[in-house]
Amino acid sequence: MARTNPLQFIQQVRSEVGKVVWPTRREVLLTTAMVFVMATLTAIFFALVDLAIKGGLRGLLSLFG
């Protein structure tokens, strides 16, 4: 691997950062909202699964207890 001196490295980093396409404010807000929606749906799903498992186990244990 070829070694690069610090000045060349900084120039290369600046060049690469210049190629980055930064998201607009609207895109950031939209993706943030989608993350919150998906996190809420996931939490609801796992809460329902937890309730189903808890009910199943209580029913199963009541047969033997």
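**Close-up views of a predicted model**

**View 1. A salt bridge joins K19 and E16.** The side chains of these two residues, K19 and E16, come together at 3.1 Å, N to O. This is a predicted model. The count of salt bridges comes to one. Is K19 buried or exposed? K19 is exposed, because its relative accessibility is 57% and the cut-off for exposed is over 50%. E16 has a relative accessible area of 47%, so E16 is partly exposed.

**View 2. F45 and F46 form an aromatic pair.** A pair of aromatic rings is described by two things: the distance of the centres and the angle of the planes. Here the centres of F45 and F46 are 5.1 Å apart. The planes of the two rings stand at 70°. The pair is edge-to-face, because an angle over 60 degrees counts as such. The count of aromatic pairs comes to one. How exposed are the two residues? F45 is partly exposed, at 48% relative accessibility. F46 is exposed, with a relative accessible area of 52%. The labels differ because exposed means over 50%.

**View 3. F45 and F46 also belong to a nonpolar surface patch.** The patch covers about 1000 Å². L57 is found in helix α2. The relative accessible area of L57 is 48%, so L57 is partly exposed.

**View 4. L29 sits in helix α2.** Helix α2 runs over residues 25-64. Is L29 buried or exposed? L29 is exposed, because its relative accessible area is 53% and exposed means over 50%. Now find L48. How far apart are L29 and L48 in sequence and in space? They are 19 residues apart in sequence. In space, the distance is 29 Å, C-alpha to C-alpha.

**View 5. A transmembrane region is annotated at residues 28-53.** The annotation comes from UniProt, in an unreviewed entry. What is the make-up of this span in the model? Residues 28-53 are 100% helix and 0% strand. The end C-alpha atoms of the span lie 37 Å apart.

Conventions:
Residues are numbered from 1 along each chain as its sequence is written. This is a predicted model: local features need pLDDT of at least 70, side-chain atom pairs count only at pLDDT 80 or more; totals for chains, interfaces and linings use all residues. Side-chain values use heavy atoms; hydrogens and water are left out. Rings of Phe, Tyr and Trp (its six-membered ring) pair if their centres lie within 6.5 Å; planes under 30 degrees apart count as stacked, over 60 as edge-to-face and the rest as tilted. Buried means under 20% relative accessible area, exposed over 50%, partly exposed in between (1.4 Å probe, protein chains only). Helices (H or I, at least four residues) and strands (E, at least two) are DSSP runs, numbered from the N terminus. UniProt positions are given in the numbering used here, feature names are shortened, and annotations may be inferred rather than shown by experiment. A salt bridge is a side-chain nitrogen of Lys or Arg within 4 Å of a carboxyl oxygen of Asp or Glu. Patches are made of residues with over 30% relative accessible area and no salt bridge: like charges are joined within 9 Å, nonpolar side chains (Val, Leu, Ile, Met, Phe, Trp, Tyr) within 5 Å. Accessible areas come from the Shrake-Rupley method with a 1.4 Å probe; for residues, only the protein chains shown count as cover.
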